[in-house]
Amino acid sequence: MRQGWPLVCALFLAACGQGQPDADKNAAEISPLEQAAIDAGVIPDVRNVTLSGAFERRSDLGTDSFCAVGNDENGYQVGMIAVFGPETKCEGLGEAERDGENVRITLNSKEKCSFTARFDGVELKLPGELPKSCASYCSARAGFEGVSFYMIGEGDAVARSTSGRDFENLCPGG
């Protein structure tokens with residue numbers, strides 16, 4: 001039986017990989033439960049929602065804002081600010097591309113800072129860990145990590161009315 005253990009262990013380890021979800025699952029595929037919620041109007045269908053618009057999140061420290069002008073085919077011009085008090089903030093301008101729920105944001109008004117956020121049709125969530133270059137957009141004791149924004153208005157016109165601190169318009173006309 002001692003000689004059989006390596007074979008048993010090898011078979012066991014090979015079986016561990018069975019039944020795992022496909023990591024390359026198409027972003028357009030949704031579960032039956034998700035489709036039922038969309039059909040009932042409980043959640044938006046992210047496949048039919050645009051990122052173009054204005055987003056906010058208010059707290060006692062201030063209002064965080066994100067805006068996007070453009071469309072899925074040609075990309076978006078974006079701007080965002082996260083406020084942590086009267087003098088403490090992160091603020092930057094850049095571009096974004098959307099693929100289903102994934103939004104690839106590249107801030108380029110200072111050091112290049114790229115990351116992938118999640119958009120469910122209502123809320124845009126930034127990841128909890130960002131590249132070190134993203135700190136160039138922030139004052140001391142501030143960061144974009146984990147910030148989220150809720151859509152408050154759809155369309156380019158609404159997005160263009162979003163203001164920042166260093167930038168009069170986070171999403172200027174263009």
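Predicted model: local features only at pLDDT ≥ 70, side-chain atom pairs only at ≥ 80, totals over all residues.
The link ties together distant parts of the chain: Cys-90 sits in strand 4, while Cys-138 is in the loop between strand 7 (123–125) and strand 8 (148–154), and the two are 48 residues apart. As for handedness, the link of Cys-90 and Cys-138 is right-handed, with 115° about the S-S bond.

On to Cys-113 and Cys-134, which form a disulfide with their sulfur atoms 1.8 Å apart. Again, the pair links distant parts of the chain, with Cys-113 in strand 6 (residues 113–119) and Cys-134 in the loop between strand 7 and strand 8, 21 residues apart. The torsion about the S-S bond of Cys-113 and Cys-134 is about 80°, so that disulfide is right-handed. Buried or exposed? Cys-113 has a relative accessible area of 0%, so it's buried. Cys-134 comes in at 3% relative accessibility, so that one counts as buried as well.

Then there's the disulfide joining Cys-67 to Cys-171, at 2.1 Å from S to S. Where do its ends sit? Cys-67 is in strand 2 (residues 62–71) and Cys-171 is in the segment after helix 3 (156–159), so to speak distant parts of the chain, 104 residues apart. Both Cys-67 and Cys-171 are buried. The torsion about their S-S bond is about 100°, so this disulfide is right-handed.

Now put the pairs together. If you number the bonded cysteines in sequence order, the pairing reads 1-6, 2-5, 3-4.

Last stop, Lys-89. This lysine is in strand 4, which covers residues 89–99. Why do we call Lys-89 buried? Its relative accessible area is 13%, and the cut-off for buried is under 20%. What does the Lys-89 side chain make a polar contact with? The side chain of Asp-166, at 2.9 Å.

And who else is around? Setting aside neighbours within four places in sequence, Lys-89 is in contact with several residues, including Ile-81, Ala-82, Val-83 and Phe-84. Also among its contacts are Tyr-137, Cys-138, Ser-139 and Arg-165.

Technical notes:
Residues numbered from 1 in each chain as written. Heavy atoms only, no water. Helix = DSSP H or I, 4+ residues; strand = E, 2+ residues; numbered from the N terminus. Buried < 20%, exposed > 50% of the residue type's maximum accessible area, 1.4 Å probe, protein only. Polar contact = N/O pair within 3.5 Å; in protein donor to acceptor, adjacent residues only side chain to side chain. Contact = heavy atoms within 4.5 Å. Disulfide = S-S within 2.5 Å.
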